[in-house]
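Please walk through this structure one piece at a time. Keep the sequence beside you as you read.

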Amino acid sequence: MTSYLQLSNITKSYGHFTALDNVSLSVDKGEFVTFLGPSGSGKTTTLMIIAGFEKASGGAVEIGGQSISQLAPHQRNIGIVFQNYALFPHKTAVENVYFPLQMRGVNRSQGLRRAEDMLSLVGLKGFGHRHPKELSGGQQQRVALARALVFEPSLLLLDEPLGALDKNLREQMQIEIKRIQRSLGVTTIFVTHDQSEAMSMSDRIVVFEKGRIEQAAAPLDIYHRPRTAFVATFIGESNLIPATITNAMTKTADNPTLGPFDYAGGEALSDGQNVTLLIRPEHIKLSRNPIEGRKNVRMKVETIVNYGDNALVIGRAGELSMRVRVLGADVVIIKEGEECCISWTPEAVFVITK
Amino acid sequence: MGMSLSRLTEKTNIWPWLLLAPLGIYMLVFFVVPLADVAIMSFTEPRVSFADYQKVLTGTLYQRVFVNTFATAAFVTLSCLAVGYPLAYLMAHSKPRTAMLILLLVTMSFWTSFLVRTYSWMVLLGNNGPLIAFLQMIGIEQPPQLLFTRFSSTLAMVHILAPYMIMNIYSVMKKIDPALIRSAESLGAKGWSLFRHVYLPLTAPGIANGSVLVFVICLGFYVTPVLLGSPREQMIAGLIGHQIEEFLAFGLGSAMAMVLLVVTLIILTIYHRRFGLDKLWG
């Protein structure tokens with residue numbers, strides 16, 4: 001499959017500061033890709049380079065095999081939803097949505113009809129005559145989305161569009177955006193620093209850190225097989241244990257505190273190699289006594305954070321701080337300050353080499 | 001305990017009023033009372049009658065002066081807009097150094113007393129002034145009369161009032177969210193269409209503020225038209241001064257002042273209904 005959006009060796013520097021360092025990525029047509037990373041990681045800069053508001057210091061951007069690097073923003077035919085929606089305050093909702101069509105010479109009656117249709121699609125039928133300030137945050141968001149989609153853009157860019165919404169509305173909009181994106185099949189790039197948003201919405205997540213792409217993969221791949229320790233910590237809760245490979249053939253590793261234990265995944269490792277072992281908190285079992293057939297470790301419970309349906313138990317095994325996720329009912333057996341046993345199977349251990 | 005606390009808050013509530021008192025008394029003595037006096041004089045001087053109002057509203061001279069005043073105010077407002085809008089745009093969107101320089105020039109002109117600015121126009125446009133000398137130098141033997149014409153008074157009023165326009169528009173331009181412009185660009189707008197459909201409407205409040213301010217100030221402008229303008233094309237404030245100083249026609253002068261005041265209030269009311277007077281000063 002040939003890629004639709006192609007970023008090749010994009011570099012951006014401001015004086016001595018390198019904001020983007022050799023970023024390359026291909027995105028398939030219709031794909032929903034999320035740029036995830038902390039602020040200043042380069043995700044928004046990359047988005048602005050695709051949109052044409054920032055000029056790359058080097059590299060090329062192509063859509064459908066055509067270079068767009070030389071095009072001005074208004075020539076790129078890319079729909080953008082900005083963080084604060086950027087709706088025109090002097091225009092009504094339907095006029096806002098009609099605007100890109102107006103700029104493309106679509107006549108008024110036809111354009112307004114298409115704008116109304118698009119408003120219906122985003123669930124705002126009958127709100128067209130309102131001005132942005134008469135709409136709630138979620139409704140403004142939908143108008144912005146309709147406006148960015150009505151002209152059938154070749155690409156949809158969403159710049160942290162849910163940042164300003166409260167939690168419930170946010171989850172609702174995540175589902176809405178996904179539904180609309182699927183129904184139109186538009187290739188979409190979504191920028192966020194919220195990992196759960198990235199997990200729930202994306203076909204693929206691109207993790208940015210310090211101007212580089214750390215990893216680009218499907219959400220579950222990123223979660224279960226992070227390429228770097230940064231990705232492992234940025235997405236989900238994690239236990240990272242420094243270890244040395246003792247025997248790559250039999251897949252055993254050693255940590256000074258926890259002693260020897262087996263791992264399942266990870267190839268091309270060599271004896272004596274220093275690695276980081278990732279064990280997700282939900283893959284660790286908490287019990288009073290050791291369980292046979294698993295790697296067992298004693299842990300002193302320090303803190304229990306209760307979430308109702310589950311709890312996070314934080315404790316100490318030697319000098320290692322460990323996090324264990326337990327389902328709500330299980331937490332009753334343990335109290336803060338008590339000693340217990342934590343255990344896992346080799347399948348729960350993933351080897352990270354970076 | 002509760003009692004004394006509530007007494008204390010009651011007491012502190014008087015403070016804002018006490019602090020306002022000097023200004024309140026000042027305004028009462030030097031603004032409200034004289035204004036009321038003018039209002040009373042307008043139909044009691046020299047005896048109780050509305051004859052002066054009748055004269056002002058029907059006399060051809062007065063009608064002509066009113067029309068002239070409004071036409072001049074409108075022209076000055078439009079000229080200020082034509083000069084001010086591009087300048088405000090430069091100020092709002094240039095590099096900080098350039099913007100600072102323009103801002104400095106505008107405010108320096110604003111800080112200079114307008115009497116001084118009026119006199120400097122007299123020097124510049126006078127028969128022995130540099131402009132006439134220049135015209136003669138390039139071979140125009142009979143240069144046109146520049147000073148004491150509608151041209152000179154309008155020019156000076158535009159100069160004096162333009163900063164009001166510029167500052168009003170500038171403050172609105174400065175507050176425009178750059179994301180709006182970017183968003184318009186991403187949606188396919190550029191150049192003139194971007195300006196007409198997005199930028200201009202977004203700056204409309206500044207244009208309205210500046211225009212009302214300039215127009216209203218211009219309606220009652222006294223010194224500049226009197227000193228620089230043509231005696232045959234007076235503006236209303238000049239005519240009022242004339243009536244009172246030279247003919248001691250307090251009744252007629254007051255009636256004219258009241259008509260001007262009412263017209264001004266009507267304009268401000270319309271503006272207030274549409275935009276809100278509180279926004280007039282940014």
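This is a predicted model: local features need pLDDT of at least 70, side-chain atom pairs count only at pLDDT 80 or more; totals for chains, interfaces and linings use all residues.

Residues are numbered from 1 along each chain as its sequence is written, while chains are lettered from A and ligands numbered from 1 in the order in which they are written.

Start with chain A as a whole. Its C-alpha atoms fill a box of roughly 75 × 45 × 40 Å, taken along the principal axes. Chain A has eight helices and 20 strands. Both are DSSP runs, numbered from the N terminus: a helix is H or I over at least four residues, and a strand is E over at least two. Of the 354 residues in chain A, 40% are buried. Buried means that 20 or more other C-beta atoms lie within 10 Å of the residue's own; exposed means 12 or fewer, partly exposed is in between, and the C-beta atoms are placed from the backbone. Contacts tell about the fold too. Two residues are in contact if their C-beta atoms, placed from the backbone, lie within 7 Å. Among contacts in chain A between residues at least 6 apart in sequence, 64% join residues at least 24 apart.

Now the sheets. Strands of a sheet pair through backbone hydrogen bonds, either parallel or antiparallel. Here two strands count as paired if DSSP finds at least two bridges between them. One open sheet of chain A has six strands, in the order β6-β7-β8-β3-β9-β10, and its pairing is mixed. Which strands stand at its edges? They are β6 (78–81) and β10 (212–217) of chain A; each has a single partner strand, so one side of each is left without a neighbour in the sheet. From one strand to the next, the twist averages 20°. Such angles run from 0 to 180 degrees between N-to-C directions, with axes fitted as lines to C-alpha atoms. Inside this sheet, β7 (residues 155–159) and β8 (residues 188–192) of chain A run parallel, paired over four bridges. Leu157(A) has Ile189(A) in β8(A) as its bridge partner.

A second open sheet of chain A has five strands, ordered β13-β12-β11-β14-β20, with antiparallel pairing. Its edges are β13 (259–262) and β20 (350–352) of chain A; each has a single partner strand, so one side of each lacks a neighbour in the sheet. Here the twist averages 45° from one strand to the next. Six bridges join the antiparallel strands β11 (residues 239–247) and β14 (residues 274–279) of chain A. Pro242(A) stands opposite Thr276(A) in β14(A).

Next, follow β1 (residues 5–14) of chain A. β1(A) pairs antiparallel with β4 (residues 58–63) of chain A over five bridges. Gln6(A) has Glu62(A) as its bridge partner in β4(A). β1(A) also pairs antiparallel with β2 (residues 17–27) of chain A, over seven bridges. Two residues lie between the strands of this β1(A) and β2(A) hairpin, where Gly15(A) takes a positive phi near 60°.

Two residues have a positive phi without being glycine. Ala86(A) has a phi of about 50° and is found in the loop between β6 and α2 of chain A. Ala86(A) is buried, because 25 other C-beta atoms lie within 10 Å. Lys210(A) also has a positive phi of about 50°. Lys210(A) is found in the loop between β9 (204–209) and β10 of chain A. Is Lys210(A) buried or partly exposed? Lys210(A) is partly exposed, with 15 other C-beta atoms within 10 Å.

Finally, turn to chain B. 16 residues of chain A are in contact with 15 residues of chain B. On the side of chain A that touches chain B, β6 and α2 (93–103) each supply at least two residues. The largest share, three residues, comes from α2(A). In chain B itself, helix α3 (residues 60–93) bends by about 30° at Gly84(B), and a proline, Pro86(B), follows within four residues. The bend is the angle between axes fitted to the seven residues ending there and the seven starting there.
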